[in-house]
Amino acid sequence: MNLTPNNYLKAAFGIGLFIILCIGGFTYKHIQSLSESSKTVKSTYSVSSELAKILSNLKQAESGHRGFLLTSDSIFLDPYFSGVTQLKENLGRLDTLVPENTDQRKNLKKLKSDIEKRFSIFKRSFGLVDDKLILSEDLLYVLHEGKMSMDQIRKDLVNMQDLESRLMAESQVKNEKAMDLTPLMFFGILILTLILLLLAYAKMNKDLMELKDTNDDLVVFKKLTQQAEKISHSGTWIWYVEEDEFYYSDNLFNLLGVEPNSFEPSLEKFIGFVHVDDREGLGQQINKMIKEEDLPLVTFRIVQPDGTIKHLKAFGKLIENAFEEKQLIGVTVDATEEYENFKLIEQRNQELERNNKELSAFNYVTSHDLQEPLRKIQTFISRLEVKDKDNLSEAGNICVEKIKSASARMRLLIDDLLQYSRTNKTESDFSETNMNMLLESAKQELIDSIEEKEAVITSQNLPTMDVISFQIQQLFINIIGNSLKYSREGVPPKIDIKHEEVISSEVEELKDSFIKHYHKISIKDNGIGFEQTYAKKIFVLFNRLHGKTEYSGTGIGLAICKKIVDNHNGVILAEGIPNVGAKFIIYLPYLK
Amino acid sequence: MNSDYINIALADDDEDDRLFFTDAFEELKIKSKVSTFEDGIELMEFLENSNNTHPDLLFLDLNMPKKSGLECLVEIKTNDRFKNMVIAIYSTSSSEMDIENTFVQGANIYIKKPNNFETLKKVLSEVVTTNWQYHTNGLNKENFLLRL
């Protein structure tokens with residue numbers, strides 16, 4: 001059984017009532033037994049006094065009888081007769097006093113018969129009275145007989161008296177026993193009641209304290225809720241479903257743009273604030289909620305009295321209180337800012353999408369439309385070269401050569417630009433890749449140049465890394481290609497590739513990174529190098545350190561490298577010493 | 001149909017490219033009949049006329065007015081009459097998307113228009129002499145784009 005405070009009270013009341021009834025029962029029983037024993041005492045006294053009266057009346061009758069025998073004067077017969085009459089009355093009273101079927105009743109019977117006997121002796125002696133002879137022999141005998149009978153009666157009376165005394169003593173003992181126990185029991189019950197009372201008091205006191213604590217908590221909680229509502233731009237409400245009554249928190253009124261408690265809350269009043277276009281939808285939701293007793297998240301607009309439109313969202317939940325009454329409690333939040341932000345993001349997304357589309361259209365233009373006329377120029381020149389080379393003057397042939405190299409350079413530019421614009425980041429392109437394989441593929445691509453320049457490329461074992469593989473391969477091609485291109489005249493290129501793991505806090509350029517571990521890949525050559533002042537510039541698009549005639553190139557290669565490393569959230573650095581060599585250092589995040 | 005000749009068709013809106021194409025075949029001295037079309041509509045009208053001899057080898061430019069090469073490819077591949085026709089895509093573009101789309105639609109090979117006439121001749125002779133039965137069986141995305 002679940003003991004709620006209510007049930008505790010009921011139990012305590014029941015026990016108290018039971019104890020009081022017990023006390024009443026015991027008290028009644030004890031008073032009854034007391035009155036019984038006092039009745040016994042009273043009857044014993046009555047019997048004893050009747051017995052004493054019987055003896056005295058008998059004596060009165062005997063002395064009357066004796067006087068008459070001596071004097072024959074009938075004046076002595078009066079006490080005799082009155083004694084006899086009173087004796088009869090005494091016996092009659094005893095008859096009622098002595099209960100039936102007891103030892104005392106037997107004694108009474110014997111007493112009666114003995115008294116009967118005594119009276120018959122009295123009567124007989126009256127018959128023997130002779131005026132002349134004072135004491136005849138017969139009379140003497142009768143008198144003796146009378147004395148013996150009298151003794152017998154005395155004995156009977158003593159017997160009865162003894163028995164009464166004994167009965168009274170017994171009843172007294174019994175009474176005393178009961179009387180002894182009574183105070184103890186009353187005292188015990190009293191103590192028990194007191195303990196119960198104290199327990200009940202303690203319990204109630206404790207409950208009251210708890211209630212007070214809970215009340216305090218509730219007050220604090222209410223204040224907190226009010227603050228939270230203000231900060232989060234939300235309001236709370238309760239719908240007492242059975243009474244169809246509402247409670248709105250102060251901030252809910254504020255959300256509606258009115259002063260707290262400025263109207264009696266009701267569903268109709270609330271709907272009045274809802275934007276006309278949203279009323280139907282919200283109405284349907286509320287109907288559904290009444291049916292299913294649950295309000296899913298609903299969004300709707302309200303119009304404040306000053307015309308401001310707010311976007312609200314509400315959520316409700318059905319609960320039952322201690323009296324099993326249904327209450328729908330809910331929260332309404334001002335989602336205007338959220339809605340506006342969402343709209344802004346959506347707008348920007350659309351803008352981005354448009355930009356991306358334009359960019360891919362541009363890509364197509366460069367890949368197709370720009371290449372087409374160039375391709376034709378190149379094809380026509382190749383035809384001219386084959387078919388009419390001999391018909392052209394020397395100057396004409398030089399012109400053809402110039403056109404050829406210019407269009408070749410144009411092609412290179414277009415191809416590089418295209419590659420630069422295609423070097424984008426897509427998460428799905430990342431995969432665990434063996435970097436040694438990528439390096440090997442890059443070397444394969446450059447095999448002609450490597451063999452031509454008799455380059456020596458040495459590399460440490462590289463780890464497996466999470467990268468966009470075709471981009472990293474391009475990175476290797478561009479940097480090694482760079483080293484091959486910018487080699488010193490007559491010095492075979494020597495390219496050394498190293499790898500180590502570093503901690504970002506120990507590297508100047510990575511100090512601000514959130515990622516702790518990095519892969520460091522360095523590619524060092526013995527080429528013409530460059531002034532350290534240009535170390536940053538070489539990664540900028542179209543930036544070249546050398547004239548076009550000295551070294552071919554578009555100034556895009558290293559810009560592509562930078563874009564690739566950026567795509568991998570890494571850092572690329574260059575170090576150069578003129579006529580000694582260049583060193584490219586690439587840091588790529590290592591997510592352990 | 002004369003079996004000594006190979007029937008070749010080209011659909012390309014670019015006059016210069018058509019010229020390069022026919023010149024190349026002339027210089028290659030391959031026994032061939034080359035017919036050219038200026039756009040997709042013209043090509044499809046020719047193909048749908050059952051009186052005309054179907055080409056054995058069709059070169060399709062992708063970027064054409066009225067009807068693009070890709071549209072022609074889809075139409076041809078859904079028609080059972082042309083199921084033995086070898087289709088070579090012949091385009092300036094080498095974008096991944098174009099290569100992917102035409103491969104999926106069932107083209108046999110993808111040729112990026114060369115920058116050099118001599119290269120063009122080499123490419124065309126390679127395509128014409130290829131055993132298409134054999135090539136098509138082993139066709140995959142790697143060898144779909146012709147590399148020389």
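Predicted model: local features only at pLDDT ≥ 70, side-chain atom pairs only at ≥ 80, totals over all residues.
Helices (H or I, at least four residues) and strands (E, at least two) are DSSP runs, numbered from the N terminus.

Residues are numbered from 1 along each chain as its sequence is written, chains are lettered from A and ligands numbered from 1 in the order in which they are written, and side-chain values use heavy atoms, with hydrogens and water left out. Local features need pLDDT of at least 70, side-chain atom pairs count only at pLDDT 80 or more, and totals for chains, interfaces and linings use all residues.

**The α9(A)–α1(B) contact**

- The crossing of α9(A) and α1(B) is left-handed, meaning that the near helix is turned anticlockwise from the far one by less than a right angle.
- On the α9(A) side, the contact uses Arg375(A), Lys376(A), Thr379(A), Phe380(A), Arg383(A) and Lys387(A).
- On the α1(B) side, Asp16(B), Asp17(B), Phe20(B), Asp23(B) and Glu27(B) take part; contact means heavy atoms within 4.5 Å.
- By class, there are eight charged residues, two nonpolar and one polar. Asp, Glu, Lys and Arg count as charged; Ala, Val, Leu, Ile, Met, Phe, Trp, Tyr, Cys and Pro as nonpolar; the others, Gly among them, as polar.

- Glu372(A) and Arg375(A) form a salt bridge, with their closest N and O atoms 3.6 Å apart. A salt bridge is a side-chain nitrogen of Lys or Arg within 4 Å of a carboxyl oxygen of Asp or Glu.
- Both residues sit in α9 of chain A, three residues apart, about one turn of the helix.
- Salt bridges with shared partners join Glu372(A), Arg375(A), Asp12(B), Asp17(B), Asp61(B) and Lys113(B) into one network.
- Glu372(A) is buried at 15% relative accessibility, and Arg375(A) is buried at 2%. Buried means under 20% relative accessible area, exposed over 50%, partly exposed in between (1.4 Å probe, protein chains only).

**Asp61(B)**

- An unreviewed UniProt entry annotates Asp61(B) as "modified residue: 4-aspartylphosphate". UniProt positions are given in the numbering used here, feature names are shortened, and annotations may be inferred rather than shown by experiment.
- Asp61(B) lies in the loop between β3 (57-60) and α3 (69-77) of chain B.
- The relative accessible area of Asp61(B) is 2%, so this residue is buried.
- Leaving out residues up to four places away in sequence, Asp61(B) touches Ala11(B), Asp12(B), Asp13(B), Gly69(B), Tyr90(B), Ser91(B) and Lys113(B).

**Salt bridges within chain A**

- Over all chains, the count is 35 salt bridges.
- Glu50(A) pairs with Arg93(A), the closest N and O atoms being 2.9 Å apart.
- Glu50(A) is in α1 (residues 5-71) and Arg93(A) in α2 (residues 77-97) of chain A, so the pair ties together parts 43 residues apart in sequence.
- Glu50(A) is buried at 5%, while Arg93(A) is partly exposed at 37%.

- The unreviewed UniProt entry gives "transmembrane region" for residues 12-31 and 184-202 of chain A.
- Residues 12-31 are 100% helix, with end C-alpha atoms 29 Å apart.
- Residues 184-202 are 100% helix, with end C-alpha atoms 27 Å apart.
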